[in-house]
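My notes follow the picture below, as a few numbered points.

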Amino acid sequence: MPTAEEPVRRIVSQVTGWLTLEQAKVLSELAGRIPDGTHVVEFGSFLGRSTLCLLAGAPEHVTVYAVDPYTGDEVGPRPGRTADGGRDPEAVHRAFHRNLADAGAADRVTHLRMRSADTPDELLRRAGLVFVDGSHRFRDAADDLRRVCARLRPGGWLAVHDAFYSVEVTLAIMTVLLRRPDFEYRGRRGSLAVYRRTATTPGGPAPRRGHRLRQAAELTTLGAVCARKTWLLTGAAGRGGGIDAHWPH
């Protein structure tokens, strides 16, 4: 299915965020593949880069439900971070809605100002794609994945950002998704991992060996990324310079 490449490229150039262009294309493509009668849910919207990229690929009648509490803790501290880190959460919230309005997309996005844990169950059951990019703390990320895995319909898509690039998100994936035979790992683009639900329940035979090995093999990626982050942080602490342009996403 073709990607809405030009709109996606324009969104990435105009809206601040950490989703790369290649990852944005993947999200747009996945949004175009959702089953009929479903919608898109995202955990973590920030300034709307991912929201607008999802809309760029989704059929015109599809709604994106953007779940983000805008409480000020959605952007973790990091030396050298420049992409709106430390901004007043209300200012970030207003900027999100302003970006939607500027793109003419406000009527296709329903913003739920709540934590992902409070997302209505029925909203997840009717989703064709869930993009998880909320809290990166292990417990929160694992809870998000458990809730989605228990509710996403067969044929639905799951995309997880910072997979195999964040230690705690990776631990959540290994804890929740590694053992589920009803979710097939479809690979990743940078830190964006893609899964598809293939069965109604997790019961039955053990996960296919290849399914588990492909995810376990990504631990080598995590090791390399952690080494690179350590090098960047050490350098930033010494020279006081920005590192966002070089940070692995």
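1. Where is the place of Thr 119? Thr 119 sits in the loop between S3 and helix H5 (121-125); helices (H or I, at least four residues) and strands (E, at least two) are DSSP runs, numbered from the N terminus. Its relative accessible area is 2%, so Thr 119 is buried (under 20% relative accessible area; over 50% is exposed and in between is partly exposed, with a 1.4 Å probe and protein chains only). Leaving aside residues up to four places away in sequence, Thr 119 touches Phe 43, Val 67, Met 114, Leu 124 and Arg 147, where contact means heavy atoms within 4.5 Å.

2. A word on the basis. This is a predicted model, in which local features need pLDDT of at least 70 and side-chain atom pairs count only at pLDDT 80 or more, while totals for chains, interfaces and linings use all residues. Residues are numbered from 1 along each chain as its sequence is written, and side-chain values use heavy atoms, with hydrogens and water left out.

3. On confidence, the protein has a mean pLDDT of 85, and 78% of its residues reach 70 or more; pLDDT is the predictor's confidence in each residue, from 0 to 100. Please treat one stretch separately: over residues 74-84 the pLDDT is below 50, and beyond near neighbours in sequence this stretch has 29 contacts in the model.

4. Now the sheet. Its 7 strands form an open sheet with mixed pairing, in the order S3-S2-S1-S4-S5-S7-S6 (two strands pair if DSSP finds at least two bridges between them). Strand S3 (109-112) and strand S6 (183-189) are the edge strands, each pairing on one side only. Strand S1 (residues 39-43) and strand S2 (residues 64-67) run parallel and are joined by 4 bridges; Val 41 has Tyr 65 as its bridge partner in S2.

5. Helix H6 (residues 138-151) packs on the sheet, touching S1, strand S4 (127-132), strand S5 (157-160), S6 and strand S7 (192-197). The direction of H6 makes about 170° with that of S4; axes are lines fitted to C-alpha atoms, for helices over the stretch in contact, and angles run from 0 to 180 degrees between N-to-C directions. The buried residues of H6 include Ala 141, Leu 145 and Arg 147.

6. Finally, Trp 18 lies in the loop between helix H1 (5-14) and helix H2 (21-31). Trp 18 is buried, because its relative accessible area is 17%. Trp 18 and Asp 162 are 144 residues apart in sequence, yet 9.9 Å apart in space, C-alpha to C-alpha.
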